[in-house]
Amino acid sequence: MAANASTKLSPLRFVRTVMNSFMADSGLEPRLLGKHFRVTNASEGVVDFELDIAKQHTNRLKIIHGGTIASLVDLGGSLAVASKGYYATGVSTDLNVTYISSGGKVDDKLRGTAVCDRIGKTLAYTTVTFWDEKRNMVARGSHTKFVAQAVAASTPFTPPEGAPIADGTE
């Protein structure tokens, strides 16, 4: 199903639609994350996701690579902006990650929650927190995005005309 001018989606379906766009149009996300990443829940301003850790996500110590987590802060921040109804999610101006403990190894599941703390006319502020399977916090990040053009060009929770819409299962 493709969007038309009146297609308004729930936050979960909208965020999944934006995620599908990242997978179709980005160079990084489909190669790094691919089928191992999924959005599990979304409400306005909050997105939950999971990553099944695979070899391409790890470092030479065979634990999740800090760069993978940094990429997830970037993506999570974008999806948090999307959960506020914006299909275009802006560009990064600042990204920070604090690594607390090992996030897991191959075949473990990393869980994350991304929150859009504030969105204004030009900037969006997001935080992303990560847990291992035992619910131990393993990392946290912040991501600031320049969103002026995204805010100006958006009709909340409405994908652009012709955009493929994610499956409706919620």
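Which residues is Thr-68 in contact with, leaving aside its neighbours within four places in sequence? I looked this up and found Leu-32, Leu-51, Gln-56 and His-57, where contact means heavy atoms within 4.5 Å.

Before going on, I noted that this is a predicted model, in which local features need pLDDT of at least 70 and side-chain atom pairs count only at pLDDT 80 or more, while totals for chains, interfaces and linings use all residues. Residues are numbered from 1 along each chain as its sequence is written, and side-chain values use heavy atoms, with hydrogens and water left out.

**Entry: Thr-68 and its helix**

I placed Thr-68 in helix α3, residues 66–82; helices (H or I, at least four residues) and strands (E, at least two) are DSSP runs, numbered from the N terminus. A polar atom of the Thr-68 side chain lies 3.1 Å from the backbone oxygen of His-57.

I followed α3 along its 17 residues and found that it reaches 24 Å from its first C-alpha to its last, close to the 24 Å expected at 1.5 Å a residue (the expected span is 1.5 Å times one less than the number of residues). The helix is mostly covered, with 13 of its 17 residues buried.

**Entry: the sheet**

I traced an open sheet of 6 strands in the order β1-β2-β4-β5-β6-β3, with antiparallel pairing; two strands pair if DSSP finds at least two bridges between them. The edges are held by β1 (37–43) and β3, each with a single partner strand, so one side of each is left without a neighbour in the sheet. The twist averages 20 degrees from one strand to the next; axes are lines fitted to C-alpha atoms, for helices over the stretch in contact, and angles run from 0 to 180 degrees between N-to-C directions.

I found α3 packed on this sheet, touching β1, β2, β3, β4 (109–119), β5 and β6, with its direction at about 130 degrees to that of β3. Helix α1 (residues 11–25) lies across β1 and β2 (46–52), running at about 145 degrees to β1.

I then went through the strand pairs in turn:

- β1 and β2 run antiparallel and are joined by 6 bridges, with Asn-41 opposite Asp-48 in β2; their hairpin has 2 residues between the strands, and in it Gly-45 takes a positive phi near 95 degrees.
- β2 and β4 run antiparallel with 7 bridges, and Leu-51 stands opposite Leu-110 in β4.
- β5 (residues 123–131) and β6 run antiparallel with 9 bridges, and Thr-127 stands opposite Ser-142 in β6; in their hairpin, which has 5 residues between the strands, Arg-135 takes a positive phi near 65 degrees.
- β3 (residues 91–99) and β6 (residues 137–146) pair in the antiparallel sense over 8 bridges, and Val-91 stands opposite Phe-146 in β6.

**Entry: the nonpolar cores**

How many residues does the largest nonpolar core have? I read off 34, and those with the most contacts inside it are Phe-37, Val-39, Leu-72, Leu-79, Leu-110 and Phe-130. Here a nonpolar core is a set of buried Ala, Val, Leu, Ile, Met, Phe, Trp, Tyr and Cys residues joined through side-chain atoms within 4.5 Å. At least two residues of this core come from each of α1, β1, β2, α3, β4, β5 and β6, and α3 gives the most, with 7 residues. Apart from it lies another core, of 5 residues, among them Val-81, Tyr-86, Val-147 and Ala-150.

Is Leu-79 buried or exposed? I found Leu-79, which lies in helix α3, to be buried, with a relative accessible area of 0%. Beyond its neighbours within four places in sequence, Leu-79 is in contact with Val-15, Val-18, Met-19, Phe-22, Phe-37, Val-39 and Val-47.

For Leu-110, not counting residues up to four places away in sequence, I listed a set of touching residues that includes Phe-49, Leu-51, Ile-69, Leu-72, Phe-130 and Val-138.

Technical notes. Polar contact = N/O pair within 3.5 Å; in protein donor to acceptor, adjacent residues only side chain to side chain. Buried < 20%, exposed > 50% of the residue type's maximum accessible area, 1.4 Å probe, protein only.
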